[in-house]
Amino acid sequence: MTQVDITNSHAMEAIDAQTFRKKFRLLIFIAWSVPAIFGLSFILYVQILSVPEMAAVMTHPLEPLFMAFWFIFSLWYFMRFARPIVTYLENSCDESIPAARDCVRRFPFHFWLLFLLYLVMAPVSVIWAAELYAGFVSQPVDWFRINMVALIVSIIVGLPIFFLILDLFGRALSGVQMGKPHITVKTKVFLIGALVPLLIDTMLVQYYWSRTGFFTTETFIVWLFLELLAIGGSLIFVRSFGQSLAPLEAVFDGHQPLLGLELNALKSQSTDEIGVLATAYRNLLSTLQMQSEMLELNNWLLRKTGHSMSLESVANSVISIADRTMEGDMCFLLLHDAEQDELVGVAQTGAKFNAGGHFRVAMDEPSLAIMTFKQDQVFAIADVQTYPSCSPELRQRFKIQSALSAPLRLEGKPIGVLMSTSMKIRRDYSARDEAVIQDLAREAALAINTQRLNDQALQAQVTQHEKDELIELLMDSTEEAIYGVDFDGNCTFVNRACVEMLGYDNESELLGQGIHALIHHSWPDGSPHPRAECAVHIATLEQSSAHGDDEVYWRKDGSSFPIEYWSHPIRKEGEIVGTVVTFLDITERINTRKELVQSSERLGLAIDAGDIGVWEWDIATDRLDWSEKMEEIFGMQASEFKGEAQDFYDRVYPADMEMLAKDTSDALEKNTPFSVVYRIVKPDKSIGWVHCQANVKRDASGKSVGMIGVLTDITAQKEADQVVYRLKSTLDMTTDCVFMFDPETLKFNYVNLGAINQVGYSEQEMLDMSPVDIKPEFDEQAFRQMIQPMLDGELKQHQFETIHRRKNGDLIPVEISLSYVQPANEPARFVAIVHDITARKRAEGELREHRDHLEEMVDARTNELQVVNKELEAFAYSVSHDLRTPLRSIDGFSLALLEDYRDKLDKDGRDYLSRIRGGAQKMAELIDDLLELSRVTRSRLKCEAIDLSAMTSEVLNELAAREPKRQVDTRIAEGIIVRGDRRLLKVVMDNLLGNAWKYTGKKEKPEIEFGVMEKNGEIVYYVRDNGAGFDMKYADKLFGAFQRLHTSKEFSGTGVGLATVQRIVHRHGGRTWAEAEQDSGATIYFSLGVNGGGDNGQQENTTGGGQPRRRGFNIAGVEEK
Amino acid sequence: MEDNPDDEALTLRALKKNNIANEVIVARDGVEALDYLFAEGTHEGRDLSNQPQVILLDLKLPRVDGLEVLKRIREDDRTERLPVVILTTSNEESDIISSYDLGANSYIRKPVDFDQFMEAVRQLGLYWLVLNIKSPNGQ
């Protein structure tokens, strides 16, 4: 890194106007004197003119005049260029700068114009003078040589002088913005590079010419060639210089401020010190720019102090500045999240600020940021691939190849990381880059800190504001009046209570006023109360507090009120600045105190007047002090009581001692009220009743220290109470209600417990009421009318039913027996014995209701049943249709197969088809049976008289006709006539007899019997056979649908028959059961209940020769169910 | 009229087995039956003078049921005297009563046992096609 060492540079002192003028004149003088002297000497030296010739020239007026003219003219002419600069130097005002700058700009042209004119004219004047005065005859060669001399002189003298004048200008105008340069370095280099060889060359030519007198065309050509070479060379120099200077020239081009320069234009194109300087200059500018931007940011932050500013704007600004300053592709700003202990990437080039972070890096992850943060130093990584600590994930995501990172430090501790990354591998990170990023990081940390501090300050402001509001609220919500006064006694603040208490409308009437004069101006008696005597004022002066409760404050309306006040001085930095006073209106307290005194006086009076003893017990000493009345109550002689607690306990009735002790300890420990009635034993052994009430005395800490109480003798009252109590409790024990009321006012004067419970009012409430209040059916007039006959003595007792209304509004039906009693020495009264007849009434009501509802219920049930029946019918209908149809197909096509393909089927095939047909037919049978079963349930019973005996014969004949070969012994009871549904009973008989017929099929002597018998008052019909029978343990299954006790192989059947039978019998109100024995036959019994009974006379008559039939057997059937 | 193709095949078989060679027209639902009888719809233009000798009518038919068909037959004076035999699976009392109420000439329940069915068809054919004398204006 290259630095400009200012101490080594040729520092020029500033120049004042006088010196400048002097020096400028001198230089102009030299410029027009030295060339002449030098030129003339040179002419002598190279012997163009001889000494006498020269003397002649100089002694004659032409040449001296020529020279003098140029002195004076040039001085006169050039002073115009010096004057504006002198003016500037004298006044140092900005207005003179443009003129001065203009002088500098025009000066070189005028200088060289006059100088060359002089150089052209000087040889002419010399030769002319020599020819005129020394007889010199000039040759063309002489002209040439003299002009050469002039050239040499002009270069030797004119050039340095010119530079000296420029330097003088520079010194005079140092610090003045020059704009574009007028004499560029390139011009200077060209002048020197081209003119110095010309000078040397010309001098050599002159010298050898004068020595040898040799000058040929060849010499001239060589001379000219060398000149051209010199000019060409100097042009190459200039070009090289130009390249070095080019970046710096960019600075002159723009009119924009230096910090706004496009820094890329300042890229150095040469390797010399100017190039290095340009680079340094450029870096300097870049740093400056960065710093100025950061400065601007920090300034902005400072300006914004007190307003909310977001971390977002700060972070985004930092990133954009870093992006402009660092020559990378992306910049990242990561902040440390102290809570999670992670680095959070909050801002990055090309992405918006995100407080939550675009990414998060944990402290233990491999990451350049983490490394920078932890090690707290700058890292420049040329190739991240070679650096294992760099986060591979971010490398992948952002295509980072190289990176530069610096920690953000605050008070020596890192708070984040600033990182500039590049997508190229960069081996050119320099110390300067590191310095810049460090600067950036430092400024960024400052900015972030400012933002944070501001945030905290704002937060604190908000908190402070809340606190102030809270205090204000507290002040205004307290009932105590508060005001503050400054040292001069002027009010500084008041709260709401204070304003209100003092009777003012608002606080502005008090604020800033001398408060003492307003509210504390007089003593309670109205005499003036000067401030100097005011306790508050005195306390303030003494820097102490004051308290008082015997003064008054005066309201706005002139009235006063007693107060209690507290004053405390307000200190600020150790100095007393005022006082805050709190006060309370104690009018009420004083009144209460007065009342207390009055009431205690009254109490003393009451105690004396009533027979009340007073006692006081001190726990610590166990002393008990009694008033005289106490001894009287206890039946003791005056002063007989010794004043010890034990003396008292000895007189308590022993059985009450425990209760007394418990109540005492409860009062002491649990603070329950102490009010006890207990017995005492008087010295004459008689028992007395006392009522004792007491308060517990407590010390400041709440500990009980004693008791003070009163004691009343209630013996007489207690005895009277006992008698009444016994009577009352007797009455209360009766369940009936007893009411007594006054015949005049009708008010109750006694009600027993039953009465209270009945109407729900308390005894107290009842005593304020009359019978009319609880009898909604009566008004007072009607009631008085009703009792009038009894008052007149016409009626002794009146019984009636009415309604009582309970307190909650319920109505109770009651039966009342009312009497009028007139005891000898007591007022007459009515006594009412009231009996609640709710239960009776309810029973009556329910009976009535039940009757009313019965029919409705029956109707409802019937409707329900009809609906169910309808559904059942629909089901049965579709069963009869839809289930049979496919069966028919099975059977039909099986038969078709058997017929059409008989020859193609073997014996097994035919057998199988027969089985299929058998199955289908069996299924059809089952369906028919099921339909029958369901039909039994849903068809309506059409009851008529039926001759079962005849029906039995008919069925048996049908069976016999089907199997004419079988010989069955049948016995049929004659003349059995029942009432029932013919069709259904036919189904019953079909099934029962069919079964009997079927199960006797394997017997040698089959017997079937149909009969009737009476069992437990029930008429029972039966069908008996001597067939296969069954095991009685399966009897319960017999009547279930699809239940069979035999295999199909033994006896065919569907298992539905007996279920159908049972259902039909049930529909007739009867029941079925069976008795059997395996292989010995079975008997199926059935009765016909309510619908099947022969309960009319006609049937009874027609039973004829059958078994006798009992009247009403159907009822027995119902009971059986 | 018969909607079940199985029943149709079986009935035809029964007729054939019983050597009843008369022409048999099968209608698959009530609408088709009525169309045929009244020469409407798909049977438009049929010669109405050629009416069947006997109609075997199932009660459960799609679209228009058997009882409705019967009712229409009896309502129309062109068909009112045609003999109608109800041949159905149902033996519901209500069906039987309704059929007779509407003027069925006979009610036969199709037995599942095909032997019985054959017998029933045999007797039916014998009676209605051979023994029975048609009403002269029964067309």
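Among contacts in chain B between residues at least 6 apart in sequence, what percentage join residues at least 24 apart? It is 63%. Keep in mind that this is a predicted model.

Let me stay with chain B for a moment. Its secondary structure comes to 5 helices and 3 strands. Follow the sequence and you read α-α-β-α-β-α-β-α. The chain has 139 residues, and 35% of them are buried.

Now, where chain B meets chain A. Chain B puts 16 residues into the contact, and chain A puts in 15. Which elements of chain B give two or more residues to that side? They are helix H1, residues 5-17, and helix H5, residues 114-131. H1(B) gives the most, with 4 residues.

Over to chain A, starting with a helix pair. Take helix H1, residues 17-45, and helix H5, residues 140-172, both of chain A. Their axes come within 9 Å and cross at roughly 170 degrees. An angle over 145 degrees counts as roughly antiparallel, so H1(A) is roughly antiparallel to H5(A). The residues of this helix contact divide into 21 nonpolar, 3 polar and 1 charged.

Next, the sheet in chain A. This one is open, with 6 strands and antiparallel pairing. The order is S3-S2-S1-S6-S5-S4. Which strands sit at the edges? Strand S3, residues 359-362, and strand S4, residues 379-381, of chain A: each pairs on one side only. From one strand to the next, the twist averages 25 degrees.

S4(A) pairs with strand S5 of chain A, residues 402-410, in the antiparallel sense. That pairing runs over 3 bridges. For Ile381(A), the bridge partner in S5(A) is Ala403(A).

Which helices go with this sheet? Helix H10 of chain A, residues 368-375, lies across S1, S2, S3, S4, S5 and S6 of chain A. H10(A) runs at about 35 degrees to S5(A). Then there is helix H12 of chain A, residues 431-477, which packs on the sheet. H12(A) touches S1, S4, S5 and S6 of chain A. The direction of H12(A) makes about 40 degrees with that of S5(A).

To recap the two contacts. H1(A) against H5(A) has 21 nonpolar residues and 1 charged.

Conventions:
Residues are numbered from 1 along each chain as its sequence is written. Chains are lettered from A and ligands numbered from 1 in the order in which they are written. This is a predicted model: local features need pLDDT of at least 70, side-chain atom pairs count only at pLDDT 80 or more; totals for chains, interfaces and linings use all residues. Axes are lines fitted to C-alpha atoms, for helices over the stretch in contact, and angles run from 0 to 180 degrees between N-to-C directions. Angles under 35 degrees count as roughly parallel, over 145 as roughly antiparallel, 65 to 115 as roughly perpendicular and the rest as oblique. Ala, Val, Leu, Ile, Met, Phe, Trp, Tyr, Cys and Pro count as nonpolar, Asp, Glu, Lys and Arg as charged, and the others, Gly among them, as polar. Two residues are in contact if their C-beta atoms, placed from the backbone, lie within 7 Å. Two strands pair if DSSP finds at least two bridges between them. A residue is buried if 20 or more other C-beta atoms lie within 10 Å of its own, exposed if 12 or fewer, and partly exposed in between; C-beta atoms are placed from the backbone.
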